[in-house]
Each structure stands twice: as structure tokens, then as C-alpha cells.
Amino acid sequence: MTTIELPSYLEQSDAVRNRFDRLKQREVILEVKKLGKQFHSQQGLVTALKNINFKTHRREFVCVIGPSGCGKSTLIRILAGLETPSSGEVLLDHKPVLEPGPERGMVFQGYTLFPWLSVKHNVMFGLEMQGINKVTAESEAMNWIELVGLEKFSEAYPHQLSGGMKQRVAIARALANKPRILLMDEPFGALDAQTRCKMQANLLEIWRNIDITILFITHDLDEAIYLADRILVLKANPGEVDEMIEVAVPRPRHLSQFISPEFLATKKRLEELIHPPVVDDDTDGLHMIRMARVGDDVEGVE
Amino acid sequence: MSFLLPILVWSLVSYVPFLWHPKVEIADPGSVSWFKSGMLVDRDVFAEQQQLATQQQLAVPEGFRANPIYLPAPHEVAIAFYTAFTTAPTRSSEQWLHESLWHSIQVIFWGFTLSSLLGVPIGILCGTYVAISKLHEPFIEFFRYLPAPAFGALAVAILGIHDGPKIAIIFIGTFFQQVLIIANTTRKLDVALLEAALTLGAKKLRLLFRVVVPGILPDLYRDQRILLGWAWTYLIVAELIGTSSGITWFITQQARYKNFDNVYAAIAMIGIIGIVTDLLLAQLGKRLFPWEKTQAKV
């Protein structure tokens with residue numbers, strides 16, 4: 001096997017570097033300062049998150065990635081206001097976040113459309129909560145439904161939709177509130193590979209066309225590189241920031257970039273961070289006890 | 001279909017003479033002085049008397065095998081079912097069967113409605129807010145173990161002898177179960193829906209009325225259907241309290257006259273009313289909750 005010589009993941013073309021310079025000039029939407037979260041469990045006090053610091057700029061797409069148990073979900077739930085941090089603070093437009101609110105839209109991994117409401121009324125829900133009258137809410141909702149390409153299904157109930165369609169409605173529902181930031185917690189995790197691929201492209205398209213900052217949690221490395229401007233890598237036990245990676249893959253992104261040198265270099269770096277060389281104390285590995293002797297006439301599988 | 005098997009068994013036992021039929025109905029008393037035609041006697045007693053008469057060369061009594069009086073044949077019950085509605089009551093102060101039934105239905109209706117008016121909101125609140133649940137549920141949990149009929153005498157003392165105590169018994173029998181069942185149903189609502197609503201800007205009362213209530217509505221409806229069945233089972237006890245009334249009065253009265261065909265007819269009637277209301281409510285449920293995935297659940 002020949003090894004491909006990859007550039008460093010830090011190497012950026014001039015265009016990409018320029019773009020990042022401009023991006024960092026933009027106003028800060030979300031700022032996380034010295035965030036920590038501890039909770040009590042049967043094993044005693046567990047530190048889920050420790051000293052998390054980062055900023056997202058306007059119209060930036062940030063992915064959060066990390067091994068399971070690194071507290072990605074806890075982080076996004078704190079950002080949404082569904083959980084309170086033990087220490088530190090979260091600032092949205094320089095104002096502290098204390099409780100859930102419509103200025104931080106959220107798309108969950110599970111399907112959370114209201115089953116008793118049609119697609120249209122699901123999207124109208126947030127607008128009505130803000131006290132917008134029905135007629136205006138309805139026409140606005142229809143615009144968002146069109147944006148995600150579901151105008152034919154506006155009267156359908158959630159149970160009549162496929163998984164991908166449900167998540168598109170969930171995105172439309174969150175965006176209808178015109179949030180400052182869209183928080184997405186592994187939104188495509190439950191979808192099949194093909195649908196997921198389509199959804200990623202759709203999401204990038206939506207993000208390009210409207211003024212929205214996105215914070216996207218995933219455990220899929222390709223997904224993170226394909227979508228993100230920057231990737232926040234967390235490590236587990238306790239959940240801490242490992243590295244904030246600037247993705248050197250130029251935009252607009254395309255599927256063909258999956259095998260570009262920048263893409264692969266970034267992926268290699270992520271692999272190193274997330275799957276570090278294993279020290280041999282692996283307790284949840286398989287115990288290879290040979291139950292039956294393989295006959296000598298059978299070749300080994302490798 | 002599931003009704004055919006029991007009816008078949010009943011028909012077999014009723015119409016096939018050598019199956020069971022432990023009695024003999026006297027057709028001709030012959031020489032036996034205490035026999036009367038139409039009387040039911042045990043088979044061995046009849047055989048003994050027959051033998052005795054033959055030995056003494058007297059007139060031999062005649063008879064045919066019959067079932068005991070408490071097991072009328074299906075056709076007799078079917079006829080009774082019809083005539084029960086068409087026969088005038090024996091005394092003018094008594095009620096027609098349909099009047100008795102209507103009275104029973106009213107008692108159930110009021111007992112169940114009063115219980116629901118209080119029980120449903122309290123149940124939803126208990127299921128939504130931990131504080132309210134801690135305030136109410138331990139007492140309700142205690143109270144629901146007290147058998148509703150035990151309050152009969154008390155209810156009569158407080159509410160008089162007419163419909164008051166009957167409604168109260170149905171209320172007591174239904175209410176406490178209702179609060180606990182509905183609180184439990186409310187707790188089973190997916191938390192993720194509430195969280196989604198929070199991130200969309202829903203707060204407090206809006207969360208309760210726009211998310212919790214519609215979210216549990218199909219399950220709540222199902223619970224209510226089960227509880228209504230429950231209320232029917234308390235009816236019989238309730239109607240024995242104070243002045244006996246309604247369908248229970250009809251049943252006890254007819255049993256006293258040994259009109260068991262009427263008794264069976266009345267019992268069947270309760271069953272039919274129960275199942276018809278339930279089927280109607282199930283159909284209504286399908287229309288009310290079109291978003292429910294599995295229609296079988298409703």
C-alpha cells in the first residue's frame with residue numbers, strides 16, 4: 001500500500017485564509033466562557049464539561065465533534081438553556097443565556113415535531129408563541145416550508161413524513177423564529193446514509209441563503225469537515241476543548257472535495273484527536289477466546 | 001365472532017336434553033300427591049317416585065328432563081329481552097324497563113361527568129407539576145384503596161336516599177383512579193416535545209395548553225373510555241344503596257319473582273349498552289385524532 005503524502009491540516013490557500021480573516025472580523029454571536037458542568041451520579045460527582053471557551057461569529061458554521069461521552073449533548077443543551085451550567089457563562093449577543101428562548105433555535109436528534117399539528121401548524125407554533133397573528137404566521141410559515149421544499153406536504157401530519165422530511169420541517173420550524181443561532185444536536189444521526197448526504201447539502205444551501213449562525217453537533221468526521229468553517233474538537237473525561245480546527249477546504253463545498261488533500265489532511269488530524277493511539281488497558285474490547293479450532297485447511301481471514 | 005362460542009355452548013346445554021339437564025319437569029303428576037304439573041324436581045327424586053308408583057300399581061307420573069330455573073334457554077332470554085320493553089310494570093308505581101335503564105344511564109352520566117370535571121384537570125396538573133403531585137397523590141393513593149361501596153351508608157346519611165348517594169359512589173369509585181391514571185399518562189408525554197416547545201418560545205400556561213394537553217389527548221381519551229367501563233361496574237353497587245333503583249332494581253325484582261329470563265335479558269342489556277358506547281367512542285376517537293398513527297390503539 002502506498003501512503004499518500006498529505007499537506008498539514010493547518011495549511012490554507014490564500015482564498016481560504018482571507019475568508020477566515022474576514023470571518024473573524026464579524027461580530028461575535030455566541031460566546032462561551034469558562035463553562036463547566038458537573039452532576040451527581042451513582043459514581044459520585046462527574047465532570048461532564050470543564051473549562052470550555054469558544055466564540056462563534058455571525059454566519060459562521062461551527063461543528064462540535066468528540067468521542068462519545070465527551071459532553072457534546074450537554075454542551076448544546078446548556079447553550080439552548082435546557083440545562084444550567086455549574087460554572088462559567090454563555091453569552092448570546094453579549095447577554096447571558098439563562099433559560100430556553102426562541103432566539104436560539106434547536107433541532108434535536110430525535111423527531112420532536114408535534115404529532116397533533118400539521119406541518120404548517122408545526123412551523124407556525126413558534127410564531128404564534130411570539131404573539132404574531134395567525135394570518136401573518138401562516139404566510140411566513142409557508143415561506144419556510146417552501147425553503148425546505150415541503151410545500152406539497154404543508155397539510156400532512158408528521159407521522160405521514162419520512163425521517164428526512166421530519167427533520168426538514170424541524171429546521172423550518174426553528175428558523176421561522178428567526179433565531180440568532182441554530183443549534184443542531186446530531187440532527188441527521190438517525191437518517192440513512194443517502195438521505196443524510198442530501199440533508200447535508202440542503203442545510204449548506206439554506207445556510208448560504210439566510211443570515212444564520214449554526215452550531216452543529218456530530219460524531220461523523222466527514223459530516224463535520226463537509227459542513228463546518230471551524231470544528232471544535234472535545235475530548236472525553238472530562239469534556240474539554242482539545243482543539244479548534246479551521247477547515248482548509250474551500251467553499252462552496254462539494255462532494256468531490258471528500259478526496260481533496262485538504263479534506264483528507266483535516267480528517268487525518270481529527271482521527272488522531274478522536275482516536276488517539278490506544279494504550280493497552282482497553283476494558284471494553286472483545287475477548288478473543290477461540291471457541292472452536294479453525295481447521296488448518298482454512299486460510300486465515302487476513 | 002368471539003360471541004359465537006359462548007352462545008353455542010349455551011345453546012347446546014339448553015337444547016340437547018342429555019347434556020346436563022339435572023331436573024325433571026312434571027308433565028303429569030300421576031298419583032304422587034305433592035307433584036304438580038310444571039314443577040321442577042331433581043332427577044333421582046323423580047325416578048324414585050316413578051318406581052314407587054309402578055310398584056304400587058298406581059298412576060305413574062310423567063315428565064321430561066329440564067334445566068334448573070336459573071338457566072333459561074337463549075330463545076327465552078331473547079323473548080324476554082323483547083317483552084321486557086313491551087310489558088307494562090305490574091304495579092303502576094313501578095317503572096318500565098326502559099325507564100329503569102334511562103335512570104341508570106343518568107346516574108352513570110352524572111357520576112362520571114362530575115368525576116371527570118375534577119379528576120381530569122387535577123390529573124393533568126399532577127402529571128405536569130411535581131409540587132402538585134406531591135401535594136395530592138399520597139392522599140389519593142391512600143384513598144383509592146378504600147372500597148367505594150364502603151361509603152354507601154355514609155353517602156346516604158349525607159346525601160339522602162335518592163340519586164345523590166348513587167352518584168357519589170360512582171364518583172368515589174372513579175375519581176381517585178382517574179387522577180392517578182391521568183397523572184401517569186401525562187408523565188408519559190415525551191419530554192423532548194416539551195423541550196422543543198421551550199426552545200420555540202413556549203412558556204408556562206401556553207406550554208400546558210398548547211403542548212401538554214394536545215400531546216396527551218388521544219391517551220386521555222383512551223383512559224376515559226376505560227374509566228367509563230369502571231363506572232358501570234360501580235353502578236350495581238350504587239343502585240343498591242338507599243332506595244333501590246334503575247336496572248339493578250329491575251334485576252333484583254325479577255330475580256325475586258324467579259323470572260330469570262328477564263334477569264339474563266337485563267344483564268345482557270348492560271353489556272350491550274357498554275360495548276355499543278365503547279365502539280361509538282372508538283369511532284369518534286378515530287375522527288377526533290387523525291394524527292394518531294395506529295388506529296388500532298384508539
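1. A word on ground rules. Because the model is predicted, local features need pLDDT of at least 70 and side-chain atom pairs count only at pLDDT 80 or more, while totals for chains, interfaces and linings use all residues. Residues are numbered from 1 along each chain as its sequence is written, and chains are lettered from A and ligands numbered from 1 in the order in which they are written.

2. Start where the chains meet. Here 22 residues of chain A are in contact with 16 residues of chain B (contact means that the C-beta atoms, placed from the backbone, lie within 7 Å). On the chain A side, β6 (104–107) and α3 (119–129) each supply at least two residues. These labels come from DSSP runs, numbered from the N terminus: helices are H or I with at least four residues, and strands are E with at least two. The chain A side divides into 12 nonpolar, eight polar and two charged residues. For these classes, Ala, Val, Leu, Ile, Met, Phe, Trp, Tyr, Cys and Pro count as nonpolar, Asp, Glu, Lys and Arg as charged, and the others, Gly among them, as polar.

3. Next, look at the four-stranded sheet in chain A. This open sheet has the order β2-β1-β4-β5, with antiparallel pairing (strands pair if DSSP finds at least two bridges between them). β2 (44–57) and β5 (95–96) of chain A stand at the edges with a single partner strand each, so one side of each has no neighbour in the sheet. β1 (28–41) of chain A pairs with β2(A) over 10 bridges, and Val28(A) has His57(A) as its bridge partner in β2(A). Helix α2 (72–80) of chain A packs on this sheet, touching β1, β2 and β4 (87–92), and its direction makes about 65 degrees with that of β2(A). Angles run from 0 to 180 degrees between N-to-C directions, and axes are lines fitted to C-alpha atoms, for helices over the stretch in contact.

4. Chain A also has an open sheet of six strands, in the order β6-β7-β8-β3-β9-β10, with mixed pairing. At its edges are β6 and β10 (240–246) of chain A, each with a single partner strand, so one side of each is left without a neighbour in the sheet. Neighbouring strands are turned by 20 degrees against each other on average, direction ignored. Four bridges join β3 (61–65) of chain A to β9 (230–235) of chain A, and these two run parallel. Cys63(A) stands opposite Ile231(A) in β9(A). Helix α8 (261–274) of chain A packs on the sheet and touches β3, β9 and β10; its direction makes about 175 degrees with that of β10(A).

5. Now a helix pair in chain A. The axes of α5 (163–176) and α6 (193–209) come within 10 Å and cross at roughly 25 degrees. That makes α5(A) roughly parallel to α6(A) (under 35 degrees counts as roughly parallel, over 145 as roughly antiparallel, 65 to 115 as roughly perpendicular and the rest as oblique). Among the residues making the contact are Gly163(A) of α5(A) and Lys198(A) of α6(A).

6. Finish in chain B. α10 (246–256) and α11 (260–288) pack at about 160 degrees, with their axes 8 Å apart; they are therefore roughly antiparallel to each other. Their contact includes Phe250(B) of α10(B) and Ile270(B) of α11(B). By class, this contact has seven nonpolar, two polar and no charged residues.

Terms used:
Contact = placed C-beta atoms within 7 Å.
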